[in-house]
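Here are my notes for your next look at this model.

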Amino acid sequence: YLLLKAKDRLAFFIVAGSFLYMLGALIFWMTPNKYYMMGGSMLEIIIFSLGLAYKIKLEYEGKMTLQREVSIKEISAKRAQINPHFFFNSLNSIQHLILDNKRNTALNYLNKFSKLARSVLESSYETTVTFTEEIALLNSYLELESLRFDKAFSYSIKIDDNIEMDNIEIPLMLIQPFAENAIIHGLVGKKDGDKTLELRFLKEDDFYIIEIEDNGIGRQRVDPEVKKEKSRGMEITKKRLKMLDISEQHKNTIEIIDKYDSHGQPCGTKVIIRLYNP
């Protein structure tokens with residue numbers, strides 16, 4: 001009945017183990033030899049153990065599937081929080097440029113804004129993108145922010161020649177939140193001196209290294225509420241990277257380094273993302 005009606009493969013383990021145990025018991029009943037009974041019991045235990053291992057495997061796979069679904073939902077939720085806020089600020093910037101009769105700048109801004117909006121909408125159902133796509137989206141975002149803040153900061157993107165940009169996939173919008181933090185909470189609040197943001201894509205052995213470095217005011221001067229919000233975003237990013245971990249020896253990691261000048265004063269932040277990709 002179990003073989004015919006059961007939809008779960010665990011039924012095969014139950015039937016096989018019970019059958020072997022019953023067979024050993026019947027032979028023992030017909031020929032009083034305890035070894036048949038012992039053999040049937042041992043085979044039943046072995047098969048049931050295999051069934052238990054199979055059950056654990058199914059539960060683990062189900063858990064991983066659920067975690068991936070949760071991760072996708074968290075990414076979507078995070079994007080739902082970021083995009084309206086950013087789009088609202090961008091539209092406000094366009095409005096101010098038009099009111100100030102800076103029509104050429106407004107048209108340039110609107111053109112870049114439309115490209116970024118299209119990229120975000122087209123990739124709304126994707127969880128990973130190539131390095132090329134991520135950098136294109138990132139470059140559009142940085143150009144837009146530079147125009148928004150009247151070129152108050154400069155930025156650069158440097159890529160190692162030995163990185164195959166079109167063959168490597170990373171989580172979608174992995175770098176943008178760090179660049180946004182560097183600009184909004186680090187560079188914009190800086191009053192004196194130049195304001196620079198550097199993004200570097202490097203290859204070291206089996207790891208791809210992404211560095212986001214700014215010379216802003218540092219994390220020490222950031223408002224506590226802002227810190228709390230940034231830490232929530234960081235946790236989501238860590239979860240996204242954890243989903244890509246292959247083993248304990250080859251983990252994807254994020255390291256944040258607070259920079260200080262010769263007088264011990266904060267002078268920026270450096271974020272290092274290490275992605276394992278042999």
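1. Valine 271 sits in strand β7; helices (H or I, at least four residues) and strands (E, at least two) are DSSP runs numbered from the N terminus. The model is a predicted one, in which local features need pLDDT of at least 70, side-chain atom pairs count only at pLDDT 80 or more, and totals for chains, interfaces and linings use all residues. Residues are numbered from 1 along each chain as its sequence is written, and side-chain values use heavy atoms, with hydrogens and water left out.

2. Is valine 271 buried or exposed? Its relative accessible area is 7%, so valine 271 is buried (buried means under 20% relative accessible area, exposed over 50%, partly exposed in between, with a 1.4 Å probe and protein chains only). Leaving aside neighbours within four places in sequence, valine 271 is in contact with Phe178, Ile210, Glu211, Ile212, Ile254, Glu255 and Ile256; contact here means heavy atoms within 4.5 Å. One of these, isoleucine 256, is 15 residues away along the chain, yet the two C-alpha atoms are separated by 4.6 Å.

3. The rest of β7 is mostly covered too, with nine of its eleven residues buried. β7 pairs with β5 in the antiparallel sense over eight bridges, where pairing requires that DSSP finds at least two bridges between the strands. Within that pairing, isoleucine 272 of β7 is the bridge partner of glutamate 211. β7 also pairs with strand β6 (residues 253-260), again in the antiparallel sense, over seven bridges, and lysine 270 of β7 is the bridge partner of isoleucine 257.

4. Now the turns. β6 and β7 form a hairpin with five residues between them, and glycine 264 in that turn has a positive phi of about 80°. The hairpin of β4 and β5 has two residues between the strands, and there aspartate 205 takes a positive phi near 55°. As background, most residues other than glycine have a negative phi.

5. Asparagine 101, in the loop between α3 and α4, is not a glycine but has a positive phi of about 60°; its relative accessible area is 59%, so asparagine 101 is exposed. Lysine 151, in the loop between α5 and β2, is likewise not a glycine and has a positive phi of about 55°. At 63% relative accessibility, lysine 151 counts as exposed.

6. Next, β4 and its partners. Strand β2 (residues 154-159) pairs with β4 in the parallel sense over six bridges, with leucine 197 of β4 as the bridge partner of tyrosine 155. β4 and β5 pair in the antiparallel sense over eight bridges, and phenylalanine 201 stands opposite isoleucine 210 in β5.

7. Arginine 200 may be the side chain you want to inspect. Arginine 200 lies in β4 and counts as buried because its relative accessibility is 14%. Which side chains make polar contacts with the side chain of arginine 200? Glutamate 198 does, at 2.4 Å, and glutamate 211 does, at 2.7 Å. A polar contact is a pair of N or O atoms within 3.5 Å; within protein, one must be able to donate a hydrogen and the other to accept it, and residues adjacent in sequence count only if both atoms are side-chain atoms. Beyond four places in sequence, arginine 200 is in contact with Lys158, Ile209, Ile210, Glu211, Glu213 and Lys270.

8. On to the largest nonpolar core, which has 41 residues (a nonpolar core is a set of buried Ala, Val, Leu, Ile, Met, Phe, Trp, Tyr and Cys residues joined through side-chain atoms within 4.5 Å). Phe131, Ile175, Leu197, Phe201, Ile212 and Ile273 touch the most other members. Elements that each supply at least two residues include α3 (34-99), α6 (176-187) and β7 (266-276), while the largest share, eight residues, comes from α5. Not counting residues up to four places away in sequence, phenylalanine 201 touches residues including Phe131, Ile135, Leu138 and Ile175.

9. Finally, a geometry check on helix α2 (residues 10-30). At 1.5 Å a residue, its 21 residues should span 30 Å, and the end C-alpha atoms are 31 Å apart, which agrees; the expected span is 1.5 Å times one less than the number of residues. The buried residues of α2 are Leu10, Ala11, Gly17 and Gly24.
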